[in-house]
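Here are some short notes to read beside the structure.

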Amino acid sequence: MSTTTQAAHESMYEAVLARLNAAAQIINLPESVTEVLRHPQKEVKVSLPIVMDNGKIQVFDGYRVVHSTHLGPSKGGIRYAMDVNEDEVRALAAWMTFKCAVADLPYGGAKGGIKCNPRQMSEGELERLSRAYAKAMKDVFGVNKDIPAPDMGTSGREMAWILDEFNKVTGEDSPGVITGKPVGLGGSLGREAATGRGVMVNALQAMAKLNIHPKSATAVVQGFGNVGSHAARLLAEQGIKIIAISDASGGYYDEKGIDIQDALNYTAKNNKSLEGYSKATKITNEELLTLKCDVLVPAALQNVISEDIAQKVNCKIIIEGANGPTYPEADPILNSKGIIVVPDILANSGGVTVSYFEWVQNKMGYYWSEEEVNQKHDEKMKTAFEKVWQNAQKYKISMRIAAYITALEKIQLGIKMKGHF
Ligand code: NAD
């Protein structure tokens, strides 16, 4: 293994830079632009002391990285997970820069996170932690500055607490400072399912390119949280047979197809977990990733498709619902097997696209129907897919590098026009 490969294994940010460099080389991006994009604009780390339910103080690490504001205010989710660290947040922030540019949104990229295990915390502890984070980030966030949203381990509930605390400490009343809010607090209809919806639209677009008909297609979905569960449901609604699903408790397989609504009903009553789901055969997450199917949707964690898994993957299309599910070293293997990989920065951009619609609606104070949101979303997603597909054909490269090229062509103009040299 080369040193670069090892570094990519160790650092998610190195993995971003590897892809940035590859795309930059193909389009002869000026070195000054690449250099600007290699360095996040702002990194904030805070310590958050919280009174736990047992009366003891626990101190949590909180992060926010603003990678770029060249195309507009920075946008990106907040993650609550035990493996949150500087490198991961930096990588996720950079991905947001590229994702917003691919989806043609007037935003730069950012990401935040708190190192914690939300599943082992009470609602009260989570509220105190979310409020402490919002207070610590009061000078970072802003409706025209930096706009957070949910990510792994967070949802509308946390966004509502953060919004409330932000408004309290700043004296503002700007619902658009955060997206992914509950609908009653200015959230957008369609936002909760938007990332899964984007996965579905991208899957249909890719299937059409390969002449695969949804009614005769099979799919496997890893992860049954926000992205995975909505993606599985929406793919099933298109007539695609979902032969396996999974979550942290393991994989669940049925070659005849899993009834996704039934699985959703089960998790709703089982603390959001598939643990104990008995209407399918239990398999491991590794077995799940290598099942024969048309469409594989990794929608749980980063770094799940290693070189080894890539050798064994047995699908025609991968739609990256999660951020960073594929190691850079796995890319050439998947490419040589002729698998179309719709990369994360395109495949899961449905969430930020509807977040943008939420922000627009908040600014107007006028709200759209779910149908209108979905229609606008689907249009934007299809345009983005087609642009990336065309670049892949033009440069004879993978969709991943084509997506970076699509993004860089846009960001480059922003950097040049703003004169950031
Ligand atoms: P979530 O917390 O709602 O769900 C995560 C799911 O992954 C859960 O079902 C969990 O049980 C499962 N999981 C955890 N460990 C696993 C393992 N080892 N094997 C299999 N499954 C496992 O998170 P989410 O919001 O659905 O995010 C999932 C991914 O999608 C993340 O990479 C996130 O950054 C990305 N993403 C999310 C959004 C969004 O709008 N929520 C938008 C873009 C990208």
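This is a predicted model: local features need pLDDT of at least 70, side-chain atom pairs count only at pLDDT 80 or more; totals for chains, interfaces and linings use all residues.

1. Glu358 touches Ile178, Thr179, Gly180, Lys181, Gly186, Gly187, Ser188 and Arg191, leaving aside residues up to four places away in sequence.

2. Where does Glu358 sit? Its place is in helix 14, which covers residues 350-364.

3. Is Glu358 buried or exposed? Its relative accessible area is 0%. Buried means under 20%, so Glu358 counts as buried.

4. One polar detail deserves a look. A polar atom of the Glu358 side chain lies 2.8 Å from the backbone nitrogen of Gly180. Gly180 is also among the residues that Glu358 touches.

5. For scale, take Ala231. Between Glu358 and Ala231 there are 20 Å in space, C-alpha to C-alpha. In sequence the two are 127 residues apart.

6. Seven strands form an open sheet with mixed pairing, in the order 9-8-7-6-10-11-12. Its edge strands are strand 9 (281-283) and strand 12 (340-342), and each of them pairs on one side only. From one strand to the next, the twist averages 20 degrees.

7. Look at one end of that order. Strand 8 (residues 250-253) runs antiparallel to strand 9, and three bridges join them. Tyr252 has Lys282 in strand 9 as its bridge partner.

8. Helix 7 (residues 194-209) touches strand 10 (295-298), strand 11 (317-319) and strand 12. The direction of helix 7 makes about 160 degrees with that of strand 11.

Definitions and conventions. Residues are numbered from 1 along each chain as its sequence is written. Side-chain values use heavy atoms; hydrogens and water are left out. Helices (H or I, at least four residues) and strands (E, at least two) are DSSP runs, numbered from the N terminus. Buried means under 20% relative accessible area, exposed over 50%, partly exposed in between (1.4 Å probe, protein chains only). Contact means heavy atoms within 4.5 Å. A polar contact is a pair of N or O atoms within 3.5 Å; within protein, one must be able to donate a hydrogen and the other to accept it, and residues adjacent in sequence count only if both atoms are side-chain atoms. Two strands pair if DSSP finds at least two bridges between them. Axes are lines fitted to C-alpha atoms, for helices over the stretch in contact, and angles run from 0 to 180 degrees between N-to-C directions.
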